[in-house]
Every structure is written in C-alpha cells, then in structure tokens.
Amino acid sequence: MSKAKTFRGGIHPAGNKELTSTQAIVAMPAPAEVTVLLKQHAGAPCRPLVKKGDVVNKGQKIGDSDEFISAPVHAPVSGVVKAVQPSRDPAGSIVQAVVIENDGEERLDPSVQPHPDLDQLDAETIKKIVREAGIVGLGGATFPTHVKLSPPPDKKIEVLIINGCECEPYLTCDHRLMVEQPERVVFGTRALMKALGVEKAYIGIENNKPDAIAALEKATADYPGIEVVPLQYKYPQGSEKQLITAITGKEVPFNGLPMDVGVVVNNVETAAAVQAAIQDGMPLIERIVTVSGEGVRHPQNLAVRIGTPISEVIAAAGGFIGTPKQVIIGGPLTGVAQPDLSVPVTKCNTGILVFNELKRPSKPEPCIRCGRCVDACPSFLLPVTLAHLSDIGQYDKALELGLLACVECGSCSYVCPAHRFLLQSILVAKREIEAQRYKKTS
Amino acid sequence: MPDSVNSTDIKLVMSPAPHVSDKDTVPKIMFGVVIALIPTLIASLYWFRFHALRLVIITVAACIITEWVFQKLRGKPITIYDGSAIVTGLLLAFNLPPTLPGWMAAVGGIVAMTLGKHVFGGLGHNPFNPALIGRAFLLASFPAAMIRWTSPIDGTSTVTPLVQLHMGRITATYWDLFVGNIGGCIGETSALAILLGGLYLLYKRYIDWRIPVSYLGTVAVMALALGQDPIYHWLAGGLMLGAFFMATDMVTTPITRKGKWLFGIGAGIILMVIRQWGSYPEGVTYSILLMNAFTPLLERITRPRPYGEVKAHA
C-alpha cells in the first residue's frame, strides 16, 4: 500500500474518537417541540413561509429566500406553528426561528416526492432538488450546496472531492455514516458528479478509519469514476484547501475558491443528504450528531431532527455525568462554546461535546518564540507574527504577510506552549480587513 | 442535581476556539532543558568538583534572585518558577572557567538577567541569549580571570585544547576530548554529557535539529577546507554546548525553518573566522550573539510563501 497522502503542516491532537466510533447510529425520537432557525447556512436568511397557528407537515418548506446564496428550511415534524420568534443560534447571533409543536403524526408533506432513478434526472433537475431540499455543507461550513453545483460558465469543474476526513477530535458522525450507509454516500456522490458534469470523484478518508475506507471501497467497486483516497490522520486534513492539495496537488489561490482549480468539495454527509433528497424526496430535516466528551453518560451518534434543543439531545445520550464545565457545538478545535443549553440543533451541528474540565489553560503566557505555530500552520504563515501585528493594530501589515490565507483551523493556538490566543488575534485582523473591504465595495 | 440536563445552576465556561491544547507548556519546556542539562552538570561536578558546585550555585542563585528583585521593583508578576532563570543560571555557570572568583560569577548572573533579559521585557522579548550576554560581559570586564584554565581533577594550571589548536599543537586524545578530561569552561568539556542532553532535547522536540546540524556542519566543512581536524574543532572548545544548548535557544533564534539553517551556517562561519583569524582562540559566544542580532533579518528573508499566494510571474 502506498503512503497515505497529506498536506504540509498540521497537528496531531488526541482523537478521543473511540468514545463513539464503534457504536451504531441511534435514531433519536422526534422531540415535542422543535425550533427551526431561519438562517442555518452561509448567505441570506430565509423569510418565514408560515405563521403562528399554521398546521405544517413533515418536510414542508417553512422558510425560503429569493437570494441565490441561501437555502430553504423545512418542518422536521408535523404539527402546529407555535410561534415565529427570534432565537439565539449556536454562534451567538439572534435569528428568526419557527417553533413547531410536534403532533406526533409524522404526516408527510405532499412535496416529498421520491425520484428513485438517477438516470432519469438531468443536471439541472438534480441542482433544483438539492436547492429545494435545503442542502448545505454539513461538515460545518453550511455553504449552500446548490451554489457550489452552479459555478460560473468560465470555471470548468473537473473533479469532485467528497470529504470523509473528519479530522476534528471526538467527532465520528461522518465515520459512522460511511461505515453504516456507504451506498447512500456513493449514490449522493454519483448525483453530485452528474450535477457538475464531472467524470472523476475522490472520496478522501483519513487512515484512522480503515473500516470506513473498506466500506466505501466496496460500495464504489462498480463505479470506476469514484476513487477512495486514504489520507494521513492529521488535523486539519478535512480543511477544504488542505484536502484539495493532498489529493490533487493543486493549490487554491488564497482569495479564490476551489472552483478556481477545477474542484468542488462536499462532505460525506452532504452527499448522503443529496441521496435522501433524491431517492426519498426528503429535504434536510435530520442530521447525525456526535454527542461525546467525558461529561456525557452514554457518548454516541444520534440521528437528530433539526430544531431539537441540544439539552434534549444530551438527555437522549443519558444526560450529564458529573458537573459540566463546557459545552461545545462542533469539534473541540473549531467548535463554539455555549453559554447555556438553549440553542437548537442546526444543519451545521456536527457534534455536541460536554467537558467537565477546561481542556486548555485560559491564561496566556509570554511567547517564547518556539516556532511551533509556524511548523503547524497548514497555510505556511507566521501565526505569532500575524497575531502580534493584529494586537498592535497593524492589520495592513498582517495582510501583506498573507493574513487571508489563514483557514482558521486553530492549529497555532493548539500547539502554543504559552497558550496564547493566536487564532483569536488573527481573526480580529481578518474580520477588520474584511469589514474594510465590505465598506469599500458597498 | 448536577446530573439533570435541565439544571439551572450549571455554569458553563465560554472560550474562543480551539478549546483544547497541546500538553506542552512553557515551564515544561524550560524544566525539560534543565533535565537535559543534568548530564552536563554531573560531568562538570565530576571533572571540576567543588569549583563547579560553587559556580553553579552562585550563578543559579544570582539569576533567580535578580529576576525576583527586578520583577518586584517593576511591580510585575514573579516568574521565577517558570524555570527559565534556572536555565540561564546553569548555562552561564557551564560557560565559566573553574577558578573564576565567586563574586565575578554573581556579577555575570546579575548582568545576564538584567541586561540580557529583563531590560527587554522579560522572557520571550530578549534579542540576545542572556547567558551569553553574561559571559560576554565577564569576558570584557575580567579577561584574565576568564581565561585562567585548570586541568580537571588535579587543578593544575593548563591551557584549553583550543589554545593548543590555535598555537598549532594538540596533546589531548579524542577520548579525552569526548569525555571531558581537558581544560575549559566547567560545562563545555564533556561532549558525551552534552550529547546525552542534546539528544533528549531533540527527542522531546524542545530544540530544532536544523541549528546544531548546520552549525556543526559548517564548522566541519570550513575546518576541512582549512586543512584542520574538524573533530578537534567540534570537541575542543564550547561548540558542542553552544550548538545544542545556546544556538538553539528558541527566544533568540529564527522561528522559520530556513532561518534556522541560515542561523547555524552563519554562526559556523563566524566561529571559524574568529578561531582562525581572530585574536581569541574561542568564538562560540560571539558567533551566537552576532547571529542573534541577525535573527529578525533572517526571519524576514526566510518567510515562507503563504498557501495560495500567487507565485511571482516568471
């Protein structure tokens, strides 16, 4: 076997995946009430299509937008709209949300129409199905998938990459999906290939998941255009740009998109959502959530309806064990710490982690210039220098040194023996530069 | 009930991502360096007995006390427990001749911590290696006492093999040079002990291999080019101690990989120029200090090309 491919730089955090990686996904019963946020994606928020008192069906579209970069949201249960009200999202913003009281009938909406045969669908129809199903990047970035499938005519897409790296510690939702339902991933991959008009797709999987690699190699045996690529187990292997470089050797321009090098990347769970949208006609109303960390009684992967309060998801995993100190939505490296348990599950919710102790000292010490951040940076930046320039307000100087090439993986902060908040400082400069550019263009 | 998910008295801590960190900490690295210096400490005690014990105690104490006083006076947090003052104290002692009067050693420690470190703002901010600043100060202030050598064990007057090399005739065998049975500063004579500690530092990844390799490599190449024995150049003076413990100091060397290569090469060239054409027989201290001064420049010219940055048009 040839040496697994990878990128330069990166870190090797403790995986802690064994907490959940061997257990089958469990379907969590739909909760009594769901809160469906009207913005769960990168792009324009949806406007509500329902109002208080309306009866809604499972799978019914309840929010949409006329903007191109947006994705509709659907009722995950059948029931009655209790309210349309502001709610906090996992990242801390206040957005509108539709609260639905579940009537328990699981009454399907008439719009849920299966298309069992992929051969009868053309590219435009697939894009339309993907768009109407509200599918977004489920790896956590939540960029609307139909937008990725519609590159401008001057960008020729040659390759589709399906991201099965799951390089964040603790998370195993993609892993279990690949092991248990590889045929769904493959069907979704074929549909995405057809929508993009490409002949070649790679499924990149870190080699710490041999069972997932085996399952997908078996499931792709009949499709010579789809190749499973084992990748080195290293964070952030699943970062889009690093993944593209590892598999194709190409480097995405830092102010460009994967399509600039002829590549589109989608997560494995996104591919599976495309399968569900086509074969079952079911829009994106459910996702797999890894509930893990030492603060959870029974760490496991749950298939959860969008809109389920995270407190109920934790309860479904047996509740807390001990006193929780930190609850993180997403992975431990890029996830968001929560002030309370009030937020609902959204499309980007890869994991819910409960820690009974802080896993990182909160007091930074002076930098000893060890250079570990430099060695770890997958974008070949000097994180310590950028952070310092940001701290003293020299954002333009940071820009000159490649600030915008930062993929915000947090490897620099992770390796820093002085526990400096390098990524946080760099983000300040990045956001400041982005805001300046936004002002200039508007 | 803390076990209940609906408990209202749960206090959650917010933090920016990432929420996990590597296990290494600054004190862990500093005490790692102290551990790596233990073989050299043992060798210095073995070869120079009471002289070594005296110098180590004085310089370490001087460094710790100076740091404490300085931080107390400035109203800054006391950081003497982070291990860095101990490292400076040990390295300074290892760079002193055995018979140096105690008060001079103490002055060296005080200068190392003040002029070498705290005037710049403390740990991480000093441009020059503090221990070498202390040594350079002593070398300039007390030149006679700083080159008064005694042979190990019996304490009789001698010269270092480097002086012999300078004068063109060497008496020490490779084995004496390797184990440390030669005249010299108390911590520099035993290459064996230094290598043990150096390998530990490399294994723990507390130092980068590029600097010792490029420093020692450059010295060997230049020695061969000058028709001299590179083994003597490696083992006869302070080069081994410098290459593994001082040229590798994180604070005062480049953070870029290419910068580390250039640092080692530059230090090697300066060292050989001093040894060959300078009036001093030894030049490790100045070769490293001079390259310390070049560190910001080296970092600037060796900055890696960021991922995705458009390559220059050919």
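Guide: Helices and strands are taken here as DSSP runs, a helix having at least four residues and a strand at least two, and they are numbered from the N terminus. The model is a predicted one. In these terms, Phe380(A) belongs to the loop between H9 and H10 of chain A. Phe380(A) is not a glycine, yet its phi is positive, about 60°. A residue is partly exposed when its count of C-beta neighbours falls between the limits of 12 or fewer for exposed and 20 or more for buried; Phe380(A) has 18 such neighbours inside 10 Å and therefore counts as partly exposed.

Next comes helix H10 of chain A, which covers residues 383–391. Its buried residues are Pro383(A), Val384(A), Leu386(A), Ala387(A), Leu389(A) and Ser390(A). An α-helix has 3.6 residues a turn, so residues three or four places apart point the same way. The cover over the buried residues of H10(A) includes helix H9 (372–376), helix H11 (395–400), helix H12 (411–415) and helix H13 (422–441) of chain A. After H10(A) comes Gly393(A), with a positive phi near 80°.

The loop between H12 and H13 of chain A holds His419(A). This residue, also not a glycine, has a positive phi of about 55°. His419(A) counts as partly exposed because 18 C-beta neighbours lie inside 10 Å.

Where the two touch, domain 1 of chain A contributes 14 residues and domain 2 of chain A contributes 13 residues.

Methods. Residues numbered from 1 in each chain as written. Chains lettered and ligands numbered in written order. Predicted model: local features only at pLDDT ≥ 70, side-chain atom pairs only at ≥ 80, totals over all residues. Contact = placed C-beta atoms within 7 Å.
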